[in-house]
Amino acid sequence: MDGRRVLLIIPGGIAAYKCLELIRLLRAQGAEVPVVLTKGGGQFVTPLSVSALSGANVYTDLHGLIDEAEMGHIRLSRDSDLIVVAPATADILAKMTSGLAGDLATAVLLATDKPVLVAPAMNVKMWEHPATMRNVAQLRDDGIRFVGPASGALADGEVGPGRLAELSDLMTSIEGMLADAPVVDRPALVAVASLAGMTALVTSGPTFEPIDPVRFISNASSGKQGHAIAAALARAGAQTTLISGPTDLPDPDGVMVHRVRTAQDMLAAATAALPADIAVCAAAVSDWRVAEPNGTKIKKGGAPPVLNLIENPDILATLAAPGPDRPGLVVGFAAETESDPDALVTIAREKREAKACDWIIANDVTPGTDTFGGDHNAVQFVTEPGAESWGRLEKVQVAERLVARIAAQMSAMAGAA
Ligand code: CTP
């Protein structure tokens, strides 16, 4: 299921809690699992628990998804390879049969052109009621696939068909349907407007630290990853400020760009961009600067100059330090010449703690990898609980995945507040 996207719709049934385990199983197989939690579903499982497991967006409200320029629920209904409704109640089956679209779940189901798998779970009498049987027959005719219900003791004490299908059966049906479903060619997008109303700042590119007016010391960095992240944040609706060292890249659409040269200028621009909800430090900041750059060009011929270097301020550590202006989520990078993934994660974990940031994206920049200047990046995503390997992706895809994670985290934090 690597890279496939299964949109899970969780209506309000007692078996909703089982879907938490379903999310875990799907993700363990490599699937992305965005979730639509109906109002009823939210009575049984919380958005926070769902988003913690899903690691992707959890959508709860139709109107939150409607952007003036673009209908978010339409996009949501088309972006997944498969839609799973579990536990499907008698109510949602009736709504699907009638084509009602009064909330996000039903609007997505009506708007989708993707395969839909339904796992009913309800009281046995409700399941056997002629109205439900009619609805199921109609939905089957419409091409909707069913798994279950299983028979047995139900939560309400009655016995008969009505239990949610076993998760192993659900997984088998999902695997089978995914194998037949065409892979959705997802455009470069993340959940529409999921960061609307939020502010983000991103550092990107190298810094140039002058030796004299014509020479400088610097770090290798194209700025491609940082710029892609700023663009993805802006697409997701965040008001985004990009603080860019010298690069050849054009300004990303919809992003406010401050161009700087030195680490000190970058720090000043970053702190001026506060307060912000999200900070992502992708810049390859030069760790040292020349203590006293020469005012005029140093001429050769004499003894080679000895450069007296002093350490630059750490922008990431400054932004992540506790204080009233600390962004709610601070993300750093760790560029290391370390090709052993376990050792890379260990260094990244130490860096995360040393700099007090929330997440670190670690990558191996050993010569021979095409990270510097290239369009790809193989990263480890390191958070407090653990590390995930994202494999080798285009930098644009790394940016999208990161922004989807940021959106999920911000919505979980908002739900918890
Ligand atoms: N960083 C920063 N300011 C600095 C140095 C680094 O904001 N003066 C940020 C980078 O943007 C990145 C993270 O810190 O998000 C780690 O950068 P990296 O170069 O991997 O590590 P350093 O802190 O420079 O440490 P070292 O070079 O010793 O590994």
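How do the residues of the lining of the second largest pocket divide into nonpolar, polar and charged? They come out as 15 nonpolar, 16 polar and seven charged, where Ala, Val, Leu, Ile, Met, Phe, Trp, Tyr, Cys and Pro count as nonpolar, Asp, Glu, Lys and Arg as charged, and the others, Gly among them, as polar.

This is a predicted model, so to speak of local features takes a pLDDT of at least 70 and side-chain atom pairs count only at pLDDT 80 or more, while totals for chains, interfaces and linings use all residues. Residues are numbered from 1 along each chain as its sequence is written, and side-chain values use heavy atoms, with hydrogens and water left out.

**View 1. The second largest pocket and its lining.** A pocket here is an open set of points on a 1 Å grid over the protein atoms alone, where a 1.4 Å probe fits and protein lies on both sides within 12 Å along at least five of seven lines; lining residues have an atom within 4 Å of a point. About 810 Å³ of space lies in this one, taken as the space filled by probe spheres set on points joined across faces, edges and corners. Of its 38 lining residues, Ala-283, Ala-284, Val-285, Phe-333 and Ala-335 lie nearest the centre. Two or more lining residues come from each of strand 9 (199-204), helix 9 (224-235), helix 11, strand 17 and helix 12, with strand 17 giving the most, four. Helices (H or I, at least four residues) and strands (E, at least two) are DSSP runs, numbered from the N terminus.

View 2. A side-chain N or O atom of Asp-287 sits 2.8 Å from a ligand oxygen. Leu-316 brings a polar backbone atom to 2.8 Å from an oxygen of the ligand, and for a backbone N or O atom of Ala-335 the distance to a ligand oxygen is 3.0 Å. Alone, the ligand exposes 560 Å² (Shrake-Rupley, 1.4 Å probe), and the protein buries 78% of that.

View 3. Most residues other than glycine have a negative phi, and most peptide bonds are trans. The Ala-86 to Pro-87 bond is cis, with omega near -5 degrees; Pro-87 lies in strand 4 (residues 82-88). Ala-356, not a glycine, has a positive phi of about 60 degrees.

Terms used
Polar contact = N/O pair within 3.5 Å; in protein donor to acceptor, adjacent residues only side chain to side chain.
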